[in-house]
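Q: I would like to learn how to read a ligand site in a model. Please show me one and take me through it.

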Amino acid sequence: MSRRTFVRSAMAGTVITALGGASYCLASTEEEKRARATLRPDGQPRLPPGQHLLSRIKPMGGIEGDPSPGAFRLQVHGEVEQPFTIDFAELLKMPQVEQVCDVHCVTKWTALDTRWTGVKVADLAARARPKPTARHVIFEAAAGYTANVPLREALAPNVLVAHKYEGSPLARAHGAPARVIVPDLYFWKSAKWLTGIRFVAADRPGYWETRGYHNHGGPWKEERYG
Ligand SMILES: Nc1nc2c(c(=O)[nH]1)N[C@H]1C(S)=C(S)[C@@H](COP(=O)(O)O)O[C@H]1N2
Ligand SMILES: [Mo]
């Protein structure tokens, strides 16, 4: 086992223990030091600059949508050859992935090793077949919330439409019945109460991007404000 792999698995053990706690207590500074010193496969530190650790994700609010799976409709549309709408049962029939990833909120908390179950945005895109003109993805959510992500980053294999967190159906506050997870951008890009995935040619800054936040939102470059 390489040194890096060893450090990563040692870390994972520590954090899983911490996840047992019901509160959002801060992880120890010892863990933070370790997370800052541990590198991801892409060479970036596990804990991005200016971030501290929480032991689990914290509900950050927003205007909720209808949490019932029966009411769920996801529209995949825009600059695509084959737009479609799926309900919750159809979402569950698509290939499911379980993924452990870190999430980084612009309010400076990071949660390591969060576990999600869902469908890759890339798989939904493959079914809709984006036209060559599509350059950006707009995640659309309840009450008009939107978040824009460059097409290439939205199609990364770790970008999901998630319906479970830590093995249980998403809690209402975390976006029930389904939300986006874009682990490698600040968490505001991860639209909760998802209603649509729109492919567009021209970028369309979303809810936070038009309210002073950065258009891209990369945690390792600290792209916090626009
Ligand atoms: N629909 C919707 N999605 C949203 C938001 C929102 O207000 N509405 N807030 C975003 C922000 S700012 C963050 S930090 C994360 C928080 O997700 P959480 O509440 O599950 O921690 O959701 C993002 N997704
Ligand atoms: Mo946020």
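Q: Which atom of ligand 1 does a polar side-chain atom of Lys192 lie 2.5 Å from?

A: Polar contacts are read as pairs of N or O atoms within 3.5 Å. In this predicted model, the Lys192 side chain places a polar atom 2.5 Å from an oxygen atom of ligand 1. Arg179 also has a polar side-chain atom by an oxygen atom of the ligand, at 2.7 Å. Lys58 uses a polar backbone atom, 2.5 Å from an oxygen atom of ligand 1. On its own, ligand 1 has 530 Å² of accessible area, and the protein covers 94% of it.

Q: How many residues surround ligand 1, and which are the closest?

A: A residue counts if one of its heavy atoms lies within 4 Å. Here 19 residues do so, with Lys58, Met60, His174, Arg179 and Lys192 the closest. By class, the shell has twelve nonpolar, four polar and three charged residues.

Q: Where does ligand 1 sit?

A: Ligand 1 sits in the largest pocket.

Q: What is the mean pLDDT of the protein chain?

A: Where pLDDT is low, coordinates should not be read in detail. The chain has a mean pLDDT of 91, and 90% of its residues reach 70 or more. Residues 1-22 have pLDDT below 50, and this stretch makes 28 contacts in the model beyond near neighbours in sequence.

Note on methods: Residues are numbered from 1 along each chain as its sequence is written. Chains are lettered from A and ligands numbered from 1 in the order in which they are written. This is a predicted model: local features need pLDDT of at least 70, side-chain atom pairs count only at pLDDT 80 or more; totals for chains, interfaces and linings use all residues. Side-chain values use heavy atoms; hydrogens and water are left out. A polar contact is a pair of N or O atoms within 3.5 Å; within protein, one must be able to donate a hydrogen and the other to accept it, and residues adjacent in sequence count only if both atoms are side-chain atoms. Accessible areas come from the Shrake-Rupley method with a 1.4 Å probe; for residues, only the protein chains shown count as cover. On a 1 Å grid over the protein atoms alone, a cavity is a set of points where a 1.4 Å probe fits but cannot get out, and a pocket is an open set with protein on both sides within 12 Å along at least five of seven lines; lining residues have an atom within 4 Å of a point. A molecule sits in a cavity or pocket if more than half of its atoms lie within 2 Å of its grid points. Ala, Val, Leu, Ile, Met, Phe, Trp, Tyr, Cys and Pro count as nonpolar, Asp, Glu, Lys and Arg as charged, and the others, Gly among them, as polar. pLDDT is the predictor's confidence in each residue, from 0 to 100. Contact means heavy atoms within 4.5 Å.
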